[in-house]
Amino acid sequence: MAIRLVLADDHYLVREGVRRLLETRTEVELVAVCDDLASLLLAVEEERPDVVVTDIRMPPDGLDEGIQAAERLRETHPDVGVVVLSQYAEPRYALALLEGGTARRAYLLKERVEDVDQLVAAICAVADGGSVIDSKVVDALVAESARGDASPLAQLTPREHDVLREMAEGKNNAGIASSLFLTERSVEKVIHSIFLKLGLAWEPAVHKRVKAVILYLADAVS
């Protein structure tokens with residue numbers, strides 16, 4: 001069955017562009033299109049979607065309504081996934097989204113929307129309980145975390161940094177292997193090494209690995 005989807009963005013051209021892209025894909029079924037926080041929450045109540053794709057800023061205040069919606073839905077509809085689209089690569093916005101938990105949450109930069117495969121992959125991931133964080137946000141988190149000489153991130157090899165970035169984006173071992181032209185066995189060994197160096201408990205589940213990495217990076221920059 002197709003993933004039932006609600007789309008929210010107050011910019012007409014962006015909203016219509018994303019809508020038309022999504023309507024070309026059989027994996028998703030667009031059941032409602034909204035332009036503000038109130039209409040988004042109402043659409044969720046009426047349509048009971050699997051996933052919401054929302055702009056980070058919308059009326060009424062144009063601040064962080066997408067994150068507010070994610071927080072509200074965590075309480076009222078915990079099974080609904082949320083993909084926040086943002087123009088901000090600053091880690092603080094992604095961390096605010098993940099503060100209540102990483103499961104069923106994704107943070108993508110709007111520049112990624114033109115790659116419909118990447119957007120649909122994020123939608124499918126959160127619908128399945130996973131997490132996706134834009135690679136530019138992960139890079140910013142890693143850069144901030146690694147500034148201190150004592151940071152364990154300084155111990156990571158370039159290959160481990162690459163795998164860490166892919167892992168934080170929510171990719172499984174097969175996806176990481178494909179992106180980095182490695183074998184799945186090699187990816188597993190690198191991930192074990194990363195977790196050992198960062199002092200994290202090994203997690204086979206993708207969404208738990210994302211949570212562990214993101215929480216570690218957040219603690220390191222706080």
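User: At about what angle to β5 does helix α4 run?
Analyst: This is a predicted model, in which local features need pLDDT of at least 70 and side-chain atom pairs count only at pLDDT 80 or more, while totals for chains, interfaces and linings use all residues. Residues are numbered from 1 along each chain as its sequence is written, and side-chain values use heavy atoms, with hydrogens and water left out. Helices (H or I, at least four residues) and strands (E, at least two) are DSSP runs numbered from the N terminus; axes are lines fitted to C-alpha atoms, for helices over the stretch in contact (heavy atoms within 4.5 Å), and angles run from 0 to 180 degrees between N-to-C directions. Helix α4 (residues 91–98) lies across β4, β5 and β6, and its angle to β5 is about 160°.

User: What is the order of the strands in the open sheet?
Analyst: Strands are taken as paired if DSSP finds at least two bridges between them. The edge positions belong to β2 and β6 (131–133), each of which pairs on one side only. From one strand to the next, the twist averages 20°. The sheet has 6 strands with parallel pairing, in the order β2-β1-β3-β4-β5-β6.

User: Is strand β1 largely enclosed or largely open, and how many of its residues are buried?
Analyst: A residue is called buried under 20% relative accessible area, exposed over 50% and partly exposed in between (1.4 Å probe, protein chains only). Strand β1 covers residues 3–8 and is largely enclosed by the rest of the structure, because the buried residues number 5 of the 6.

User: Which residue of β3 stands opposite A8?
Analyst: β1 has pairing partners that include β2 (residues 28–34), joined to β1 in parallel by 6 bridges; there, I3 has V28 as its bridge partner. β1 also pairs with strand β3 (residues 51–55), in the parallel sense and over 4 bridges. In β3, the residue opposite A8 is T54.

User: What is the handedness of the β-α-β unit made by β1, helix α1 and β2?
Analyst: A crossover is right-handed if, with the strands pointing away from the viewer, the path from the first strand over the helix to the second runs clockwise. The helix of this unit is α1 (residues 12–22), placed with β1 and β2, and the unit is right-handed.

User: At about what angle to β2 does helix α2 run?
Analyst: Helix α2 spans residues 37–47. This helix lies across β1, β2 and β3, and its angle to β2 is about 135°.

User: Which residue in β5 stands opposite V82?
Analyst: Strand β4 (residues 81–86) pairs with strand β5 (residues 105–109) in the parallel sense, over 5 bridges. In β5, the residue opposite V82 is R105.

User: How many residues apart in sequence are the parts tied together by R4 and E47?
Analyst: A salt bridge requires a side-chain nitrogen of Lys or Arg within 4 Å of a carboxyl oxygen of Asp or Glu. R4 and E47 form one, with the closest N and O atoms 3.4 Å apart; R4 is partly exposed at 25% relative accessibility, and E47 is partly exposed at 29%. R4 lies in strand β1 and E47 in helix α2, so the pair ties together parts whose separation in sequence is 43 residues.

User: Which residue forms a salt bridge with D134?
Analyst: D134 is buried, its relative accessible area being 2%. The closest N and O atoms of the pair are 2.8 Å apart, and the partner of D134 is R112.

User: How many disulfides does the count give?
Analyst: A disulfide is counted when a pair of cysteine sulfur atoms lies within 2.5 Å. Among the cysteines, C34 is buried at 6% relative accessibility, whereas C124 is partly exposed at 31%. Under this rule, the number of disulfides is 0.

User: How far apart in space are V190 and V163, C-alpha to C-alpha?
Analyst: V190 belongs to helix α9 (residues 184–198) and is buried, with a relative accessible area of 15%. Leaving aside residues up to four places away in sequence, V190 touches R159, E160 and V163. V190 and V163 are 27 residues apart in sequence, and their C-alpha separation in space is 7.3 Å.
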